[in-house]
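Welcome! Let's take a friendly walk through a protein chain and see how its parts pack together. Have a look at the model first, then read on.

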Amino acid sequence: MLHLDAQWLTTVREESGVQWGEVATETVRITRQPVLYARFCRLNALLFSEACADDKEAALIEFIGDCDSADAQVIAAASNAAAYLQLLQPLLDMLRHEGGAVRPLAELAQMAGMGRYQLIRAFRAVTGMTPHAWQLNQRINLAREQLQRGADLAEVALRLGFADQSHFQRVFKAHAGTTPGRYRA
């Protein structure tokens, strides 16, 4: 799995001059091509190697360009995603505004005026994630921003509601593919 900064990916796609259309707004693409998977494995090895940042960026941009044009199954959003988005928009805005606050599923469902199961389905249709996964992803994205500004690891972990620095490090590494310390450097 490859997690990319959405703004960076948009910029790379815009630089190519190709009209991306639906590809630019999709949330998930899946391929079962062994050749593409082998390239991904080589890219992954390069990204986690001691190679210089310019070589890594060039390889990533080339891979993205090839994947965008390659045959892949697009996981389409549910047909009622627009209606769900309208219902969830105030909740999503509030969660973004609160930053790293974590709300339990029952509370989120009550705020949205839905049952827990309905909320999970609506969230998945709109964001591609469950409410918990979305909140965790939001916290990791906030952590990335704070780490880029040079914030202390322990402060970031505390501010974003992680149990301790070790918990923060495990979750961050699972999402970003590197430790918070290496990401900051």
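Two residues are in contact when they have heavy atoms within 4.5 Å of each other. With that in mind, please remember that this is a predicted model.

**The chain as a whole**

The chain is built from 10 helices and two strands. Following the sequence, these elements come in the pattern α-β-α-α-β-α-α-α-α-α-α-α. Of its 185 residues, 32% count as buried. Among the contacts with a separation of 6 or more, 59% are between residues 24 or more positions apart.

Two packed helices are described by the angle between their axes and the distance between the axes.

| Helix pair | Axes come within | Crossing angle | Handedness |
|---|---|---|---|
| α4 (residues 81-98) and α5 (residues 105-112) | 9 Å | roughly 130 degrees | right-handed |
| α4 and α7 (residues 131-148) | 10 Å | roughly 35 degrees | right-handed |

Let's take α4 and α5 to begin with. Their axes cross at roughly 130 degrees, and that makes α4 oblique to α5. On the α4 side, the contact is formed by Leu88, Leu91, Met94 and Leu95, which meet Leu108, Met111 and Ala112 of α5. Sorted by class, this contact has seven nonpolar residues, with no polar and no charged ones.

Now turn to α4 and α7, whose axes cross at roughly 35 degrees. Here Leu92, Leu95 and Arg96 come from α4, while Trp134, Gln135 and Gln138 come from α7. The residues of this contact divide into three nonpolar, two polar and one charged.

**The nonpolar cores**

Which residues touch the most other members of the largest nonpolar core? They are Leu88, Leu91, Leu95, Ala112, Met114, Leu119 and Phe123, out of 16 residues in that core. The elements giving two or more residues to this core are α4, α5 and α6 (116-127). Helix α4 provides the largest share, with seven residues.

Setting aside neighbours within four places in sequence, leucine 91 is in contact with Leu108, Met111, Ala112, Leu119 and Phe123. Another core lies apart from the largest one; this other core has 14 residues, including Ala143, Leu147, Leu153 and Phe172.

Is proline 131 buried or exposed? Its relative accessible area is 3%, and buried means under 20%, so proline 131 is buried. Proline 131 lies in helix α7. Not counting residues up to four places away in sequence, proline 131 touches Leu105, Leu108, Leu119, Ile120 and Phe123.

Isoleucine 61, in turn, is found in helix α3 (residues 53-69). Its relative accessibility is 31%, which falls between the 20% and 50% limits, so isoleucine 61 counts as partly exposed. Which residues does isoleucine 61 touch, not counting those up to four places away in sequence? The answer is Trp8 and Val12. Isoleucine 61 and arginine 13 are 48 residues apart in sequence, and their C-alpha atoms are 9.2 Å apart in space.

Methods: Residues are numbered from 1 along each chain as its sequence is written. This is a predicted model: local features need pLDDT of at least 70, side-chain atom pairs count only at pLDDT 80 or more; totals for chains, interfaces and linings use all residues. Side-chain values use heavy atoms; hydrogens and water are left out. Axes are lines fitted to C-alpha atoms, for helices over the stretch in contact, and angles run from 0 to 180 degrees between N-to-C directions. Helices (H or I, at least four residues) and strands (E, at least two) are DSSP runs, numbered from the N terminus. Angles under 35 degrees count as roughly parallel, over 145 as roughly antiparallel, 65 to 115 as roughly perpendicular and the rest as oblique. A crossing is left-handed if the near helix is turned anticlockwise from the far one by less than a right angle, and right-handed if clockwise. Ala, Val, Leu, Ile, Met, Phe, Trp, Tyr, Cys and Pro count as nonpolar, Asp, Glu, Lys and Arg as charged, and the others, Gly among them, as polar. A nonpolar core is a set of buried Ala, Val, Leu, Ile, Met, Phe, Trp, Tyr and Cys residues joined through side-chain atoms within 4.5 Å. Buried means under 20% relative accessible area, exposed over 50%, partly exposed in between (1.4 Å probe, protein chains only).
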